[in-house]
Amino acid sequence: RPVRSVPSLGDVSTKKLALLSIVVVGAVVVLDGPLHGVQTSFRDFTGREEMNEGTPERITVGPLGSLRLAPALEEFGSLSEYYVWAIESDAEGNLYVGTGDQGKIYRIDAKGEATLLFDSIELDIFSLAFDTRGNLYAGTGPDGTIFRIDPKGNAKTFFDSPDHYIWSLAFDDEGSLYAGTGEHGKVYRIDRSGEGEIFYDSPETNVLTLMWDAPRKRFLLGGDGKGLLITLDKEGKAKVLFDAPRDEVGAIHVADDGTIFASAAGGKKPDNEGGKGSVKKAVLYKIEPEGAIVRLWDSDSEFLFTLIGDGEEGLLAGTGEPGKLVRISPEGEATDLKRLSEAQLLVLHKRGEAVHFGTGNQGTVYRLGPAMADSGTYQSKTMDVINLARWGKLRWWGEQPNGTGLTFSTRTGNTEIPDETWSDWTELGEGEDGGPIRSPSARFLQWRAELLGKKGGSPRIDRVRIAYKEHNLPPRVLDVSVVAADRRFFDGPSDPRPETLHQVLPNGTRVEYYPSTSKDEMPGEATEIWARSIRTIRWDASDANGDRLQYDIHFRAEGEEEWKLLEDDLTLNYYSWDSRSMPDGVYRVRVAARDDRSNPKATALAGERTSDPFEIDNTAPRIVRLEANREGSKLNVKGKAMDGATPLLRAEYSLNADDWHAVDPVDEIYDSSEESFDFSVE
């Protein structure tokens with residue numbers, strides 16, 4: 001970003017200018033290098049997937065995750081029903097709403113006043129359709145009856161089908177009524193007198209959608225069971241346009257150019273063994289007029305119940321569960337217009353500029369737009385920075401037209417789900433493109449944006465960035481061990497071509513460590529004496545902030561109070577030293593881990609751990625008595641060996657410079673610093 005103003009340097013001396021240059025260059029070098037330790041971190045909120053995890057109220061989440069005010073939405077008509085299955089409108093603009101589970105039809109006038117039009121003996125009114133004379137037809141379940149209600153509100157049975165459910169109703173251009181049914185998937189044609197006949201016996205279990213495509217003189221049929229999209233001509237001749245990969249095609253929309261949009265939902269179709277696959281999310285397909293099929297959009301809901309055009313070559317879709325109203329562009333980019341408290345959005349109805357929709361669990365009718373909401377809020381998902389953090393600036397990217405308003409607030413706490421222990425919402429401090437966060441230090445943070453519109457204009461938020469810095473936590477030394485003097489440095493299998501580890505001892509000797517390849521656990525006679533006194537410390541350490549650590553090692557003998565420095569400023573997690581300068585005895589070592597390479601001195605911390613006791617024994621054992629007496633063809637050997645500090649481990653003998661042979665002590669176990677021997681040899 002360009003600097004808006006640069007303070008005058010005035011009469012600053014050349015020396016001060018040079019110092020300023022050094023400071024700036026140094027800062028560039030630090031920022032350009034790898035990040036270590038407790039430095040400022042940033043967390044970005046951007047993209048549709050990320051923003052969908054927040055909670056919008058009268059806010060839309062766009063295809064790229066942008067936030068802006070949603071079209072105005074209001075409840076239209078007050079109903080006390082569980083489901084709104086169907087919506088139709090008459091020439092005067094009144095809405096007719098089919099509901100369940102009490103099988104009622106309501107009329108809602110232009111002012112939103114709802115009156116009961118018809119209370120049937122059925123449980124659900126699944127479908128509605130008007131004829132050219134203003135008569136309303138209602139398809140029901142579970143008895144599969146079609147009722148006709150005349151313009152005066154008089155109702156009577158029009159057609160009593162042998163099926164259980166009348167899922168869909170449609171009139172052709174000649175005024176004949178067609179009904180899609182279940183549970184046998186039949187389509188009936190019913191004349192004006194109410195006489196019906198089977199028009200098409202589909203392969204589906206339920207004919208969920210039946211639509212008359214007037215420009216192309218055909219019906220479109222979508223069902224449940226096989227998941228087929230089928231066209232029917234006036235003679236009932238069927239053609240499959242699309243065999244969906246799911247078992248339900250429940251929503252269909254036809255564009256003016258003949259392009260068909262169809263949903264696929266439910267589980268997979270039965271496999272060869274007759275089983276059912278797992279339930280997946282609903283998918284929207286686009287079928288071009290020439291027959292090409294494009295996968296247009298993947299929903300995050302299980303079902304896509306209803307589709308209509310949005311008047312701009314796009315679509316409005318209703319889903320469940322979760323229940324959402326979604327706008328889908330011709331390119332398949334989705335914008336969440338409303339996330340519902342109800343579980344399903346079951347039906348969409350558009351007449352002129354007015355869009356209404358009905359929901360299930362609970363049954364409510366809403367009116368959408370065309371105006372934009374005056375205000376809206378968006379609350380982000382909880383942000384977890386793992387450790388206690390202090391907060392920096394919240395910065396946002398987007399657009400704020402003149403006259404509109406945008407306010408950010410934050411709150412913090414130390415529980416994953418916000419509760420009464422969290423801080424109150426606090427607005428940001430003053431700043432450009434955001435401002436400093438004034439909420440207290442904590443592990444978790446949420447931000448909230450409040451948007452205010454003006455004359456159809458709305459702020460737009462594309463991205464939000466949170467700056468924070470973890471509180472420095474002390475390093476932890478998890479384990480310290482001193483390798484026994486008779487053990488090799490490497491344990492376990494080794495790489496066939498390993499790299500060596502080396503260390504230069506204070507006396508200038510370079511020690512290299514190689515994986516052992518010998519099966520003999522005892523060092524050979526050619527091994528230098530100094531190598532037997534090399535002791536190795538190994539430790540594990542960690543730092544919650546990811547700081548670079550360095551280590552100091554101290555030691556002391558048992559009974560002493562003062563720790564003595566062995567080595568400091570180590571960066572590896574092992575260290576070897578020559579123990580010949582230390583008197584024999586029992587010792588402990590202490591490893592301290594420091595993070596001052598990554599933190600200022602005032603905030604640097606350390607952690608330490610002390611090893612278990614270990615022994616230093618550089619004095620060789622002595623054979624204090626040895627005698628051999630001939631007894632016939634054998635020699636009887638007696639002797640005594642002792643060590644000043646530790647138990648003896650092994651004894652061997654050689655006769656006339658022959659091979660060496662192991663021998664046990666008199667008590668047959670090496671467990672003391674003094675052992676006696678009594679054995680015979682040929």
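# Close-up views of a predicted protein model

**Figure 1. Strand β45 is shown with its pairing partners β48 and β46.** Phe555 stands opposite Val589 in β48. The structure is a predicted model, in which local features need pLDDT of at least 70 and side-chain atom pairs count only at pLDDT 80 or more, whereas totals for chains, interfaces and linings use all residues. Residues are numbered from 1 along each chain as its sequence is written, and side-chain values use heavy atoms, with hydrogens and water left out. Strands (E, at least two residues) and helices (H or I, at least four residues) are DSSP runs, numbered from the N terminus. Two strands are said to pair if DSSP finds at least two bridges between them. By this criterion, β45 pairs with strand β48 (residues 585-594) in the antiparallel sense over 8 bridges. Its antiparallel pairing with strand β46 (residues 564-570) has 4 bridges, and here Tyr551 stands opposite Leu570 in β46. The hairpin of β45 and β46 has 6 residues between the strands, and in this hairpin Gly559 takes a positive phi near 95 degrees. A residue is buried if its relative accessible area is under 20%, exposed if over 50%, and partly exposed in between (1.4 Å probe, protein chains only). Because 7 of the 8 residues of β45 are buried, the strand is largely enclosed by the rest of the structure. As a general rule, strands of a sheet pair through backbone hydrogen bonds, either parallel or antiparallel.

**Figure 2. An open sheet of 3 strands has the order β41-β44-β47.** The pairing in this sheet is antiparallel. The edge strands, β41 (476-482) and β47 (574-578), each pair on one side only. From one strand to the next, the twist averages 20 degrees; the axes are lines fitted to C-alpha atoms (for helices over the stretch in contact), and angles run from 0 to 180 degrees between N-to-C directions. β41 and strand β44 (residues 534-542) run antiparallel and are joined by 6 bridges. Arg476 stands opposite Ser542 in β44.

**Figure 3. Aromatic rings form pairs in this model.** A search of the whole structure finds 27 aromatic pairs. Rings of Phe, Tyr and Trp (its six-membered ring) pair if their centres lie within 6.5 Å; planes under 30 degrees apart count as stacked, over 60 as edge-to-face and the rest as tilted. Trp539 and Tyr551 form an edge-to-face pair, with 5.3 Å from centre to centre and 70 degrees between the planes. This pair links distant parts of the chain: Trp539 lies in strand β44 and Tyr551 in strand β45 (residues 550-557), 12 residues apart. Trp539 is buried, with a relative accessible area of 1%, and Tyr551 also counts as buried, at 8% relative accessibility. Elsewhere, ring pairs link Phe45, Tyr378, Trp396, Phe408 and Trp447 into a cluster.

**Figure 4. The largest nonpolar core has 25 residues.** A nonpolar core is a set of buried Ala, Val, Leu, Ile, Met, Phe, Trp, Tyr and Cys residues joined through side-chain atoms within 4.5 Å. In the largest core, Trp391, Phe408, Trp447, Val464 and Ile466 touch the most other members. The elements giving two or more residues to this core are β3 (59-61), β4 (67-69), β35, β36 (405-413), β39 (442-452) and β40 (460-470). β35 gives the most, with 6 residues. A second, separate core of 21 residues includes Ile537, Tyr551, Ala557 and Ala593. In general, nonpolar side chains of soluble globular proteins tend to be buried together.

**Figure 5. Asn387 lies in strand β35.** This strand covers residues 383-399. Asn387 is buried, with a relative accessible area of 13%. Contact means heavy atoms within 4.5 Å. Leaving aside neighbours within four places in sequence, Asn387 is in contact with Ala442, Arg443, Glu470, Leu473, Ala544 and Asn545.

**Figure 6. Gly258 is placed in the loop between β23 and β24.** These strands span residues 252-254 (β23) and 260-268 (β24). Gly258 is buried, with a relative accessible area of 5%. Apart from neighbours within four places in sequence, Gly258 is in contact with Arg216, Arg218 and Pro289. The C-alpha atoms of Gly258 and Arg216 are separated by 8.0 Å, although the two residues are 42 residues apart along the chain.
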